[in-house]
Amino acid sequence: HMEGNHHSAPIDDSDDLMITLERFRNKLGISEVHFTGGEPSIHPNIISYIKNSKREGFTTKMTTNGVTHIDRYLECVESGLSSINMSIHTLDPASLANTMEPLRSTRWGEKTIAMQLSTCDKLSKIVDTKINTCVGKDESSALKVAEFFRKKKIQWRAMNQLEIPDESYSALDRMCKSLKAIPISISLTAGSSSFTVAMKAPDNFIFKVKLIRPFMLNSMCCGCQLEQDGKCYEYVYGPRIEKDSGKLKVRSCIHRNKEPFVLSVDDFFQHQIFKEFQDVAKD
């Protein structure tokens with residue numbers, strides 16, 4: 001995982017990764033591995049990571065941009081990938097091109113969206129496939145994405161944009177009202193700020209809205225200036241594994257890169273942050 005540290009290195013030691021995952025299972029009861037990035041589908045070892053995780057009894061999932069060749073995704077599914085989350089934020093080629101760094105052409109946007117939709121169509125027939133759409137200040141693009149996947153009968157989920165919470169939540173609210181959708185259930189993830197609201201429209205279109213709740217741990221968040229200034233956008237999302245300085249590390253906060261917010265695996269399991277996660281898992 002690179003979020004919070006775009007200088008992190010790809011995880012390249014399968015044995016080290018599997019040992020770490022086993023420790024998380026033994027100590028926190030974690031049973032699901034979610035591969036993200038960067039773009040996980042192009043990682044040279046992703047097939048072996050999926051196979052090894054599956055063999056050891058983990059449920060394996062992936063978040064992808066959907067523009068890797070379809071054969072690669074099929075190989076991932078054959079290796080044991082149980083679910084794919086595909087990030088499709090717009091169906092407008094120019095809008096997509098303008099979000100890229102460096103900027104891309106509208107023609108590039110057309111080819112990219114066409115590839116995403118083709119990949120999604122093929123994968124949705126053989127594996128659990130969900131579309132993720134991040135909603136910023138304006139809900140209009142998300143509504144077009146929702147309508148497209150409603151017709152396709154493919155699972156769709158809207159997400160808030162972390163950096164602009166107020167504007168994003170307002171846009172999500174307008175989006176739900178435009179769809180005339182009402183909440184039908186809420187799912188909370190233990191030990192995480194993440195929660196999901198299932199919404200249902202009058203035509204029985206069911207979609208989900210992923211949000212952030214102010215879940216905090218004393219060992220991480222007590223006296224945090226970011227939180228006091230209203231600049232903590234994710235709170236405690238849960239442990240992420242990344243590689244930096246040649247070692248696997250556990251990231252507990254995307255906003256800060258020093259200890260104890262990023263620790264070696266051994267140090268993490270000795271720290272009070274882990275003990276608080278453990279207490280939450282027991283509850």
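At what relative accessibility does Trp-156 lie, and does that count as buried or exposed? Please describe the surroundings of this residue as well.

A: The model is a predicted one, in which local features need pLDDT of at least 70 and side-chain atom pairs count only at pLDDT 80 or more, while totals for chains, interfaces and linings use all residues. Residues are numbered from 1 along each chain as its sequence is written, and side-chain values use heavy atoms, with hydrogens and water left out.

Trp-156 has 3% relative accessibility and therefore counts as buried (buried means under 20% relative accessible area, exposed over 50%, partly exposed in between, with a 1.4 Å probe and protein chains only). Its ring pairs with that of Phe-207: the centres are 5.5 Å apart and the planes stand at 50°, so the pair is tilted (rings of Phe, Tyr and Trp, the last by its six-membered ring, pair if their centres lie within 6.5 Å; planes under 30 degrees apart are stacked, over 60 edge-to-face, and the rest tilted). This pair links distant parts of the chain, since Trp-156 belongs to strand E5 (residues 155-160) and Phe-207 to strand E8 (residues 206-212), 51 residues apart (strands, of at least two residues, are DSSP runs numbered from the N terminus).

Phe-207 is likewise buried, at 1% relative accessibility. Neighbours within four places in sequence aside, the contacts of Phe-207 include Trp-156, Met-175, Cys-176, Leu-179 and Val-197 (contact means heavy atoms within 4.5 Å).

Trp-156 and Phe-207, together with Met-175 and Phe-268, have the most contacts inside the largest nonpolar core, which has 65 residues (such a core is a set of buried Ala, Val, Leu, Ile, Met, Phe, Trp, Tyr and Cys residues joined through side-chain atoms within 4.5 Å). Another core, of five residues, lies apart from it, with Leu-162, Ile-212, Cys-232 and Tyr-235 among them.

The structure holds nine aromatic pairs. One of them, Phe-148 with Phe-149, is edge-to-face, at 5.0 Å centre to centre and 80° between the planes. Phe-148 is partly exposed, at 26% relative accessibility, whereas Phe-149 is buried, at 1%. Phe-268 belongs to a cluster that ring pairs form with Phe-24, Phe-269, Phe-274 and Phe-277.

Definitions and conventions
Helix = DSSP H or I, 4+ residues; strand = E, 2+ residues; numbered from the N terminus.
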